[in-house]
Amino acid sequence: MYRILTEEKVKKNIEKFIEIDKDFSIIEGTYFVIENKKKFIGYGVLEKDNYNFILKKIFINENYRFKSYGTKLLNFMITSTIKKGNLIAYKDKNLNRFLEKFGFKLMDNFYILENLERASEREKEGKKTVYYSIFWNIILAISKIFGGWYGRSRALLSDGFNSLSDVATSIGILLGIHFSNIPEDEEHPFGHEKIESIIGIVLGIIMILTSSELIQGSVEIIIAKDYNHTPNITTIFWAGFSSIVKFFMYRQKLRVGLKTNNTALIADAKDSRNDVFSSLGVILGILLSIFVAPIFDTLMSILVALLIFKEGVAVILETTDTILDKQDPELIKEIEKYISENSEVTNIHDIMMRQSGDNIFLSLHIRVPKNMTVYEAHTISEEIEESIITDFPEIKSVIIHVDYLIN
């Protein structure tokens with residue numbers, strides 16, 4: 001739990017400061033306090049100097065050091081107070097290592113953290129991954145379509161068109177990342193991130209349509225008994241190359257998708273994972289066609305298409321949950337426990353969440369004593385709000401409704 005204290009409150013709580021820091025003395029600046037289960041465990045002092053901010057002190061009780069509390073406190077000080085500018089801290093042998101790990105740069109006799117306006121790493125990393133995906137899908141589509149046509153393998157040819165459809169879906173994700181990073185406005189107060197979920201649904205539909213086309217084409221060949229061509233052994237090389245590339249694409253997309261909580265990118269990662277199995281299935285189908293019977297090449301293309309169809313349905317169901325604001329019981333329980341352990345509030349209820357892209361918007365009700373002033377109730381709710389946003393990075397906004405306790 002985090003609090004910003006006025007000078008009056010610092011003096012009122014001076015015993016708590018001395019309890020964790022025996023050398024404590026009041027210095028000029030804004031005080032920030034971090035608590036654990038309602039106990040002071042650390043504090044920081046910040047002072048504004050024109051467009052810069054001076055970190056005059058940051059202290060964590062020795063029993064709680066090396067548990068990231070200093071990092072959490074400094075993050076809270078930055079996000080709650082500093083909108084732009086530089087943060088400066090003077091050299092201190094007890095703090096130098098901590099400041100360097102946080103990202104401060106040494107300049108003569110002081111450390112500086114420049115340009116605190118956080119750039120959108122999410123957008124940059126997401127776009128880089130999608131460009132990488134488009135490039136390799138074009139390479140794979142050309143190689144597999146050519147290899148399937150030249151090597152007379154329907155399974156490889158179909159897999160090539162599947163990679164071509166992946167190029168279209170990657171372009172769709174690129175558009176999704178662009179539009180979802182447009183800042184919120186009056187008409188869209190919750191931002192534009194839900195477009196990522198819409199893109200995810202479109203991906204699922206494309207996967208289903210692609211698989212349907214593959215199944216239809218293969219069934220028509222079986223009905224017409226036009227499966228007498230044996231694939232060339234060289235087609236195994238193209239399918240093997242595709243499975244290796246797709247595996248690394250899957251790992252990269254999933255890593256970035258989970259890191260940035262980009263549902264469309266995660267959906268595309270699952271599609272790439274399916275492509276690994278489809279390419280391995282193509283290899284099996286080609287081998288069976290060569291050494292057993294030519295029909296196995298066509299049969300394997302149907303099996304691969306069914307796997308793609310199944311994953312397309314799963315992607316649609318998952319992204320629909322986001323659009324319909326499905327609640328996360330574990331997160332809600334964690335929020336309730338967090339507030340109970342770190343504040344005087346004992347009655348928390350009606351916690352609800354809505355999700356937009358990687359952002360969660362939370363609303364909840366708390367009860368406070370009926371004789372508490374509006375100022376005191378507002379201060380408590382504001383402290384809870386800022387603390388939740390600091391300790392739960394996925395939560396962008398918290399709206400708290402204050403009720404009163406009858407008894």
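All the views come from a predicted model, in which local features need pLDDT of at least 70, side-chain atom pairs count only at pLDDT 80 or more, and totals for chains, interfaces and linings use all residues. Residues are numbered from 1 along each chain as its sequence is written, and side-chain values use heavy atoms, with hydrogens and water left out.

**Figure 1. An open sheet of seven strands.** The strands run in the order E1-E2-E3-E4-E5-E7-E6, with mixed pairing. Helices (H or I, at least four residues) and strands (E, at least two) are DSSP runs, numbered from the N terminus; two strands pair if DSSP finds at least two bridges between them. Look to the edges for strand E1 (2-5) and strand E6 (105-107): each has a single partner strand, so one side of each is left without a neighbour in the sheet. From one strand to the next, the twist averages 30°. Angles here run from 0 to 180 degrees between N-to-C directions, and axes are lines fitted to C-alpha atoms, for helices over the stretch in contact.

**Figure 2. Two hairpins and one further strand pair.** Strand E2 (residues 30-36) meets strand E3 (residues 39-49) in the antiparallel sense over seven bridges, and Ile34 stands opposite Gly42 in E3. Two residues lie between E2 and E3 in their hairpin, where Lys37 in the turn has a positive phi of about 50°. E3 then pairs with E4, again antiparallel, over eight bridges; here you can find Val45 opposite Lys57 in E4. The hairpin of E3 and E4 also has two residues between the strands, and Asn50 in its turn has a positive phi of about 55°. Further along the sheet, E5 and strand E7 (residues 110-113) are antiparallel partners over four bridges, with Leu87 opposite Leu113 in E7.

Figure 3. On a 1 Å grid over the protein atoms alone, a pocket is an open set of points with protein on both sides within 12 Å along at least five of seven lines, a cavity is a set of points where a 1.4 Å probe fits but cannot get out, and lining residues have an atom within 4 Å of a point. Grid points are joined across faces, edges and corners, and a volume is the space filled by probe spheres set on the points. The lining of the second largest pocket has 25 residues, and those nearest its centre are Ile58, Arg65, Asn94, Leu95 and Phe98. Strand E4 (52-60), helix H3 (69-81), strand E5 (86-90) and helix H4 (96-102) are the elements that give two or more residues to this lining, and E4 gives the most, with seven. By type, the lining comprises 13 nonpolar, four polar and eight charged residues. Here Ala, Val, Leu, Ile, Met, Phe, Trp, Tyr, Cys and Pro count as nonpolar, Asp, Glu, Lys and Arg as charged, and the others, Gly among them, as polar.

Figure 4. A search of the whole structure finds one cavity of 30 Å³ or more, and the largest cavity holds about 40 Å³ of space. Around it you will find Ala155, Ser158, Asp159, Leu214, Val282, Ser301 and Val304. Helix H6 (154-180) and H10 are the elements that give two or more residues to this lining, with H6 giving the most, three residues. Helix H7 (residues 195-224) packs against helix H10 (residues 295-323) at an angle of about 160°, with the axes 8 Å apart. That makes H7 roughly antiparallel to H10. Angles under 35 degrees count as roughly parallel, over 145 as roughly antiparallel, 65 to 115 as roughly perpendicular and the rest as oblique. The contact of H7 with H10 includes 20 nonpolar, twelve polar and one charged residue.

**Figure 5. Helix H12 with H3 and H11.** The axes of H3 and helix H12 (residues 374-391) come within 10 Å and cross at roughly 120°, and H3 and H12 are therefore oblique to each other. Helix H11 (residues 329-342) packs with H12 at an angle of about 125°, with their axes 11 Å apart; H11 and H12 are therefore oblique too.
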